[in-house]
Amino acid sequence: MKKIEAIIKPFKLDDVREALSEIGVTGMTSTEVKGFGRQKGHTELYRGAEYVIDFLPKVKLEIVVQEEIMERCIEVITNAARTGKIGDGKIFVTSIEKIIRIRTGEEDQDAI
């Protein structure tokens with residue numbers, strides 16, 4: 001099993017969720033996060049004062065899938081989240097050793 005973590009632009013969340021649903025992904029977790037990379041920050045003017053916004057709003061998706069569909073999930077996320085502009089995000093993939101569904105005690109593939 002693999003855990004896919006995707007950091008994307010917030011307005012792309014619905015597009016990514018719908019695209020993943022179409023290929024059979026049944027669950028995911030999303031978290032509002034802030035960060036920066038090459039995009040850096042920007043300055044904003046508020047009541048006549050200039051503020052530097054270093055951390056930009058992003059959404060972090062966490063999805064656990066069977067290894068067989070991992071590549072397809074990555075492709076779908078990439079296509080749905082891409083704007084072609086700086087700050088589109090990143091995808092990280094890690095291995096999962098064990099999953100346990102708390103309510104039923106199901107484990108691993110059955111718990112996804």
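Student: How many bridges join strand 1 to strand 5?
Tutor: This is a predicted model, in which local features need pLDDT of at least 70, side-chain atom pairs count only at pLDDT 80 or more, and totals for chains, interfaces and linings use all residues. Residues are numbered from 1 along each chain as its sequence is written, and side-chain values use heavy atoms, with hydrogens and water left out. Strands (E, at least two residues) and helices (H or I, at least four) are DSSP runs numbered from the N terminus, and two strands pair if DSSP finds at least two bridges between them. Strand 1 and strand 5 (residues 56-65) run antiparallel, and the number of bridges joining them is seven.

Student: Which residue of strand 5 stands opposite Glu-5?
Tutor: Strand 5 covers residues 56-65 and is antiparallel to strand 1. The residue in strand 5 that stands opposite Glu-5 is Glu-62.

Student: What is the bridge partner of Ala-6 in strand 6?
Tutor: Strand 6 (residues 89-95) also pairs with strand 1, in the antiparallel sense and over seven bridges. Within strand 6, Ala-6 has as its bridge partner Ile-91.

Student: Is Lys-9 buried or exposed?
Tutor: Lys-9 lies in the loop between strand 1 (2-8) and helix 1 (13-22). Its contacts (heavy atoms within 4.5 Å), not counting residues up to four places away in sequence, are Lys-58, Thr-83, Lys-85, Ile-86, Gly-87 and Asp-88. Buried means under 20% relative accessible area, exposed over 50%, and partly exposed in between, with a 1.4 Å probe and protein chains only. Because its relative accessibility is 12%, Lys-9 counts as buried.

Student: What separates the C-alpha atoms of Thr-31 and Glu-62?
Tutor: Thr-31 is in strand 2 (residues 29-35) and is partly exposed, with a relative accessible area of 34%. Leaving out residues up to four places away in sequence, Thr-31 touches Lys-58, Val-59, Lys-60 and Glu-62. Thr-31 and Glu-62 are 31 residues apart along the chain, and their C-alpha atoms are separated by 8.5 Å.
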